[in-house]
Amino acid sequence: MKKMYLVGLFYLGLFYPAMQAQFAGLWTVQEVKVGTEMLTPVAKWFQFEEDESLSSGNGGVRNMIGSYKLDEEKGMVQFRNESGQADPMGPFAYKVDGEGMQMEREEEGQAVVVLLKRASNIPLAPWDEMVGFWTFNEGETPGHMQSIFIKWDRRYVARTSEGRKSGVWHIDGHQPILRLISDGGDAEDSRWTFEFLSKTKLQWKRKVGDKEETFVLMKQE
């Protein structure tokens, strides 16, 4: 009996590193479903290291570091924050299938299902692609704005016929909505929906009264 137990431990010792290697790596989140609602975050990724450390973020913004612990027998993974505290919502049941992985658990009575895909690079988020110097087509500018420099530190500087205007920019984490919060006050704030037509071509839309305005911006390299 003792011999069989030792043999079992031996094979478990071989099996666990294999499971660890299968789980480890860079994963991007393809879909998050909470109950019947889709709540997929933008450009979400997880990096699981073989030493059980982890980091996570959205695009170029890293917003979590910590660790994880696998229970290979139960197929569960527990996340911990940088201070070592376990995720209060409990562990996820997980299943790796080739280049895909599914994690699920219950949160406040609702099933949460996360689908991930193995990746080789951290995905770009809209806030990564938005950074840069953009110009409007002549004669098709919003108000007096002629160009806008969107900076990495979440500040922007717009060139207008009235001079330079500055403020803070913010992109919604779930929807293509851009807010320009002006240093000049609320009256100069604006809200846009946006779409990247290409890497260097951007479309902005906003409602003004009963009309919808559309503008195209070109990125200057």
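Biologist: Are F48 and F79 buried or exposed?

Modeller: This is a predicted model, in which local features need pLDDT of at least 70, side-chain atom pairs count only at pLDDT 80 or more, and totals for chains, interfaces and linings use all residues. Residues are numbered from 1 along each chain as its sequence is written, and side-chain values use heavy atoms, without hydrogens and water. Buried stands for under 20% relative accessible area, exposed for over 50%, and partly exposed for values in between (1.4 Å probe, protein chains only). By that rule F48 and F79 are both buried.

Biologist: What is the relative accessible area of F23?

Modeller: F23 falls in the buried class. Its relative accessible area is 0%.

Biologist: What is the relative accessible area of Y94?

Modeller: Y94 also counts as buried. The value for Y94 is 9%.

Biologist: Which kind of pair do the rings of F48 and F79 form?

Modeller: Rings of Phe, Tyr and Trp (its six-membered ring) pair if their centres lie within 6.5 Å; planes under 30 degrees apart count as stacked, over 60 as edge-to-face and the rest as tilted. The centres of F48 and F79 are 5.8 Å apart and the planes stand at 20°, so the pair is stacked.

Biologist: Which residues do ring pairs link into a cluster?

Modeller: The whole structure holds 14 aromatic pairs. Ring pairs join these residues into a cluster: F23, F46, F48, Y68, F79, F92 and Y94.

Biologist: Which residue lies over the face of F46?

Modeller: A charge sits over a ring if NZ of Lys or CZ of Arg is within 6 Å of the ring centre and within 35 degrees of the ring normal. At 5.5 Å from the ring centre of F46, the residue is K44.
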